[in-house]
Amino acid sequence: MRVVKSVQTKVCVDGSLMKEYVLDEPLTPAFLAFLRSFGTVREYPHMKRPYFSFEQEHFISIKGFAGDASVEVRYRKETVDLTADYFHLLLFYFREGEQGIRKMHGIIGSIRERMKIRLP
């Protein structure tokens with residue numbers, strides 16, 4: 001899975017950066033299961049279209065509809081430069097399964113070390 005294009009970018013009231021991406025394939029239940037390895041996934045299957053949200057504290061939040069190829073990603077203003085590629089890395093390592101999860105945890109550790117220097 002990969003980003004085909006960035007549709008919209010805007011700065012939100014709280015200073016976070018929101019980007020809307022179009023992916024080359026729809027978001028699957030398997031991808032949501034992969035995300036659970038890194039943060040909190042909330043699913044709302046009772047809605048007309050099955051909506052989900054993902055949050056990884058200090059990193060990013062992702063919102064969208066399962067089965068849709070577009071997604072909204074928010075980056076915290078304090079760490080946007082450290083996490084700018086994070087969503088792309090999630091998409092890339094998803095196809096590697098368990099090995100991808102281990103690699104992502106290593107990347108997360110490296111980013112967290114840099115965050116410790118910057119955040120109080």
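Visitor: Which residues does Ser53 touch, not counting residues up to four places away in sequence?
Guide: Ser53 touches Thr40, Val41, Arg42, Tyr44, Ile62 and Lys63. Keep in mind that this is a predicted model.

Visitor: And where is Ser53 placed?
Guide: Ser53 is in strand 4, which covers residues 51-56.

Visitor: Is Ser53 buried or exposed?
Guide: Buried: its relative accessible area is 14%, and the cut-off for buried is under 20%.

Visitor: OK, what does strand 4 pair with, and in which sense?
Guide: Strand 4 pairs with strand 5, residues 60-65, in the antiparallel sense, over 6 bridges. Phe52, for one, stands opposite Gly64 in strand 5.

Visitor: How many residues sit between the strands in that hairpin?
Guide: There are 3 residues between strand 4 and strand 5, and His58 takes a positive phi near 70° in that hairpin.

Visitor: What about strand 5 and strand 6, how many bridges there?
Guide: Strand 5 and strand 6 (residues 70-75) are antiparallel too, with 5 bridges. Ile62 stands opposite Val73 in strand 6. This hairpin has 4 residues between the strands, and Gly67 in the turn has a positive phi of about 90°.

Visitor: Switching to pockets: how much space lies in the largest pocket?
Guide: About 200 Å³. Strand 4, strand 5 and strand 6 are the elements giving two or more residues to its lining.

Visitor: Which lining residues lie nearest its centre?
Guide: Out of 14 lining residues, Glu55, Ser61, Arg74, Tyr75 and Arg76 lie nearest the centre of the largest pocket. By class, the lining has 7 charged, 4 polar and 3 nonpolar residues.

Visitor: Now rings. How many aromatic pairs does the count come to?
Guide: The count comes to 9 aromatic pairs. One of them is Phe31 with Phe34, which is stacked because the planes are at 25°, with centres 6.2 Å apart.

Visitor: Why are Phe31 and Phe34 separated by about one helical turn?
Guide: They're 3 residues apart in helix 1, residues 29-35, so the separation is about one helical turn. Both Phe31 and Phe34 are buried.

Visitor: What kind of pair do Tyr51 and Phe65 form?
Guide: Edge-to-face, with 5.4 Å centre to centre and 70° between the planes. That pair links distant parts of the chain, as Tyr51 in strand 4 and Phe65 in strand 5 are 14 residues apart. Tyr51 is partly exposed at 22% relative accessibility, and Phe65 is partly exposed at 25%.

Visitor: Last one: which residues do ring pairs link into a cluster?
Guide: Phe31, Phe34, Phe38 and Phe94.

Conventions:
Residues are numbered from 1 along each chain as its sequence is written. This is a predicted model: local features need pLDDT of at least 70, side-chain atom pairs count only at pLDDT 80 or more; totals for chains, interfaces and linings use all residues. Side-chain values use heavy atoms; hydrogens and water are left out. Two strands pair if DSSP finds at least two bridges between them. On a 1 Å grid over the protein atoms alone, a cavity is a set of points where a 1.4 Å probe fits but cannot get out, and a pocket is an open set with protein on both sides within 12 Å along at least five of seven lines; lining residues have an atom within 4 Å of a point. Grid points are joined across faces, edges and corners, and a volume is the space filled by probe spheres set on the points. Ala, Val, Leu, Ile, Met, Phe, Trp, Tyr, Cys and Pro count as nonpolar, Asp, Glu, Lys and Arg as charged, and the others, Gly among them, as polar. Buried means under 20% relative accessible area, exposed over 50%, partly exposed in between (1.4 Å probe, protein chains only). Contact means heavy atoms within 4.5 Å. Rings of Phe, Tyr and Trp (its six-membered ring) pair if their centres lie within 6.5 Å; planes under 30 degrees apart count as stacked, over 60 as edge-to-face and the rest as tilted.
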